[in-house]
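Q: Hi! Could you walk me through this structure?

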Amino acid sequence: MSILLQIEDMSVSFATPRGNLKAVRGVTIDLEAGESLGVVGESGSGKTVLSRATMGLLPGSAIRTGTITYKGQVISDLPANEVRDLWGTGMAMIFQDPMTALNPVRRIGSQVTESLTVRLGMSKKDAKLKAIELLKRVRIPDPEAMLRKFPYQLSGGMRQRIMIAIAVSCNPELLFADEPTTALDVTVQAQVLELLTELRKEFNTAMILVTHDLGVVAGHTDKIAVMYAGDVVEYAPTRQLFNNMKMPYTEALLKSIPRLETPTGSRLPVIEGRLPDPTKDEPGCPFASRCPYVQDKCRAEKPPLTDGGNKHFYRCWFPIGGAK
Amino acid sequence: MAGSGKAHMRPEGDRVLVVEDLTVEFKIAKDKVVKAVSGVSFDLIRGETLAVVGESGCGKSTLGKAILQLPKPTSGSVNFLSEELTTMSKHDLRERRPSMQMIFQDPVSSLDPRLPVSEVLAEPLKVWNKGNQVEIDAKIDELLNAVNLDPKVVRDRRSYEFSGGQCQRISIARSLALDPTMIICDEPVSALDVSVQAQILNLLQDMKDRYGLTLIFISHDLAVVKAVSTRVMVMYLGKVCEVAPPDELYLNTKHHYTKALVGSVPIPDPDRAVTKGLIMGEPPSPMNPPSGCRFRTRCPAATELCANEEPQLREVSLGHFVACHHPID
Ligand SMILES: Nc1ncnc2c1ncn2[C@@H]1O[C@H](COP(=O)(O)OP(=O)(O)OP(=O)(O)O)[C@@H](O)[C@H]1O
Ligand SMILES: Nc1ncnc2c1ncn2[C@@H]1O[C@H](COP(=O)(O)OP(=O)(O)OP(=O)(O)O)[C@@H](O)[C@H]1O
Ligand code: SF4
Ligand SMILES: [Mg+2]
Ligand SMILES: [Mg+2]
């Protein structure tokens with residue numbers, strides 16, 4: 001397979017009144033064509049900033065360093081408008097809140113056909129036919145009637161389906177989905193995730209799926225990057241990560257998820273404490289104050305990203321099951 | 001499903017709350033009525049945690065608020081500590097307020113950002129004349145300690161300086177201030193990160209044991225509910241489908257809708273993550289609910305009978321009730 005996207009040593013910081021806030025700290029990841037990468041971590045760990053930085057969608061107060069290569073071309077030095085043209089129809093996005101992503105005063109029909117006429121140069125008539133086909137693909141009943149509706153007339157699940165239809169309308173090579181199902185109900189979440197995976201397989205679309213839910217990434221990704229305090233702390237193929245977890249943080253995150261088979265009334269394991277202050281640079285492992293395996297070395301020196309073999313990387317002095 | 005019926009009521013128990021045939025309808029236009037809750041009955045035994053689960057829009061929050069008479073239900077009865085609330089005067093209702101509290105989903109917006117934490121907690125105590133300033137201060141410290149916040153550190157800070165999880169701890173502390181009998185928790189952890197969610201669920205359990213509380217726990221997440229409840233009531237489109245203890249509900253699911261809910265919980269294990277028993281589509285409009293069983297339009301087992309006749313709750317095994325014409329074996 002060929003490498004579609006490569007992010008090398010990317011850092012992002014924001015100038016804030018409290019000082020320089022380091023949101024992403026030297027992240028390196030890559031994505032092959034058709035591959036699906038899950039980015040997980042607790043709130044504030046840097047998932048959204050990482051994906052927005054890759055897309056070139058950061059606010060002016062952000063400073064980004066590092067290299068981004070898309071299909072062999074370095075795009076991190078290009079001005080924003082050139083990047084946008086270059087992405088063109090190749091990249092699409094889905095956000096957590098489909099209400100803010102859709103224009104509230106325009107009918108669904110004109111929003112779905114827009115990219116088809118503008119980006120793909122289709123005639124109005126062809127675009128409408130294609131739009132109906134797309135709405136069918138995302139299982140919207142009575143697509144013709146849907147074209148005439150406004151976003152406020154739809155449920156959250158329906159709006160998210162429309163966003164997916166728009167996102168896949170130009171057969172993108174890369175899809176960014178930032179918490180695409182977090183605002184949805186469990187039953188609708190399951191439907192939307194199945195749909196995304198099905199469409200991705202059909203069109204060979206690569207995806208970066210950002211979520212705080214390890215359950216969501218388990219079934220819908222090929223590999224996973226776990227983020228903590230701006231670092232990727234564990235990075236591995238999905239099965240490898242779950243079957244051979246190395247990072248104490250990932251383990252703690254996994255254990256804290258309530259499961260159906262947990263006996264009723266049992267206490268859930270929790271991760272005590274909180275993320276370190278992102279404006280400070282403390283020595284040592286940023287997870288040390290919360291880690292059950294912590295030793296003196298962890299407090300003194302920050303662990304480097306270690307290659308554990310089998311495409312499995314982690315940032316820990318005392319990985320679970322020992323080092324390779 | 002979408003059944004009615006009272007087979008699951010326990011008149012012999014020490015009941016804190018008895019809700020019968022509760023109906024809440026919202027008139028939104030001349031001839032448009034939203035049937036949010038349609039003939040729901042249940043009871044709550046002292047010390048129990050009843051979970052109410054179901055999809056968005058099925059009427060969970062409306063049910064919770066109707067118990068507190070916010071607003072009064074369209075019809076039906078709500079009996080709290082042997083007193084009928086639906087016919088009570090405003091004045092008498094107000095007198096009962098301290099013993100029935102509610103915690104909301106969005107912890108940040110449910111706290112007044114202008115007030116320091118000490119004021120947020122002092123307010124109900126002052127309104128209800130619970131002692132002089134010294135006694136109130138002592139009570140505030142006790143409440144903050146109970147929810148694992150250090151009074152010295154947080155007392156004078158305002159809610160916007162706190163994370164979502166911390167705000168939810170403060171909300172819980174506030175709901176405990178007046179020594180309530182019953183707390184209705186409406187999606188108390190849905191807006192929180194997994195790592196914080198577990199802390200709040202454990203805290204609720206601790207508070208329940210410590211203060212002898214009776215809880216109604218509203219959620220759309222069956223896995224969360226399983227961790228904290230003693231009895232689960234599954235709702236669909238304003239009706240009750242299934243009532244059972246949590247383990248029984250999960251191991252021996254009887255209702256087709258419950259099965260879909262169980263199958264939709266994302267499992268953090270790539271070998272088991274494929275979702276099973278998915279139901280298609282979304283719930284129909286509560287303005288025009290289907291005849292008979294309200295779930296029939298999405299149910300894989302629906303027959304003509306389901307369209308013609310509303311199923312009633314019946315007991316299928318000890319303590320396990322289902323409203324379905326063709327329950328799962
Ligand atoms: N525009 C900004 N200005 C200053 N700080 C920011 C900005 N955007 C994000 N941050 C900070 O960067 C850090 C990472 O934020 P980010 O939104 O990437 O987290 P996240 O992992 O996506 O969390 P969530 O799960 O809550 O969406 C946080 O400390 C956040 O406060
Ligand atoms: N004040 C109101 N006026 C009109 N309709 C209302 C009102 N409050 C609720 N509804 C409607 O009643 C139904 C039940 O809503 P409710 O908020 O109780 O659902 P819920 O189960 O709590 O959903 P969620 O999981 O999204 O919180 C919905 O169709 C909702 O749109
Ligand atoms: S380096 Fe030490 S503190 Fe950090 S995760 Fe590993 S064991 Fe825990
Ligand atoms: Mg985010
Ligand atoms: Mg609600």
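A: Happy to. One definition to begin with: helices (H or I, at least four residues) and strands (E, at least two) are DSSP runs, numbered from the N terminus. With that, Pro71(B) sits in the loop between H1 and strand E4 (75–80) of chain B.

Q: What joins Leu70(B) and Pro71(B)?
A: A cis peptide bond, with omega at about -5°.

Q: Before we go on, what kind of model is this, and how is it numbered?
A: This is a predicted model, where local features need pLDDT of at least 70, side-chain atom pairs count only at pLDDT 80 or more, and totals for chains, interfaces and linings use all residues. Residues are numbered from 1 along each chain as its sequence is written, chains are lettered from A and ligands numbered from 1 in the order in which they are written, and side-chain values use heavy atoms, with hydrogens and water left out.

Q: Thanks! Let's do the ligands. Which residues come nearest to ligand 1?
A: Ser43(A), Gly44(A), Lys47(A), Thr48(A) and Val49(A), out of the 14 residues around ligand 1. A residue is near a molecule if one of its heavy atoms lies within 4 Å of it.

Q: Which elements supply that shell?
A: Strand E2 (19–32) and helix H1 (47–55) of chain A each supply at least two residues of the shell around ligand 1. The largest share comes from H1(A), with 3 residues.

Q: How much of ligand 1 does the protein bury?
A: Taken alone, ligand 1 exposes 630 Å², and the protein buries 66% of that. Accessible areas come from the Shrake-Rupley method with a 1.4 Å probe; for residues, only the protein chains shown count as cover.

Q: And over in chain B, which residues are closest to ligand 2?
A: Ser56(B), Gly57(B), Lys60(B), Ser61(B) and Thr62(B) are the closest of the 14 that surround ligand 2. The side chain of Thr62(B) has an N or O atom 2.4 Å from a ligand 2 oxygen, and the side chain of Ser56(B) has one at 2.5 Å. Cys58(B) uses a backbone N or O atom, 3.2 Å from an oxygen of ligand 2. The protein covers 63% of the 640 Å² of accessible area that ligand 2 has on its own.

Q: Where does that shell come from?
A: Strand E1 (15–29), strand E2 (32–45) and helix H1 (60–67) of chain B each supply at least two residues. H1(B) gives the most, with 3 residues.

Q: What classes of residue make up the shell around ligand 3?
A: There are 12 nonpolar residues, no polar and no charged ones. Among them are Cys285(A), Cys291(A), Cys298(A), Cys316(A) and Trp317(A). Here Ala, Val, Leu, Ile, Met, Phe, Trp, Tyr, Cys and Pro count as nonpolar, Asp, Glu, Lys and Arg as charged, and the others, Gly among them, as polar.

Q: OK, new topic: how many residues are in contact between chain B and chain A?
A: 45 residues of chain B are in contact with 46 of chain A, contact meaning heavy atoms within 4.5 Å. The two chains bury about 3,800 Å² between them, 56% of it on carbon and sulfur atoms. Buried area is the accessible area (1.4 Å probe) that two parts lose on being put together, summed over both.

Q: How many salt bridges cross that interface?
A: The rule finds 3, a salt bridge being a side-chain nitrogen of Lys or Arg within 4 Å of a carboxyl oxygen of Asp or Glu. One of them pairs Glu261(A) with Arg272(B), whose closest N and O atoms are 3.5 Å apart.

Conventions. Polar contact = N/O pair within 3.5 Å; in protein donor to acceptor, adjacent residues only side chain to side chain.
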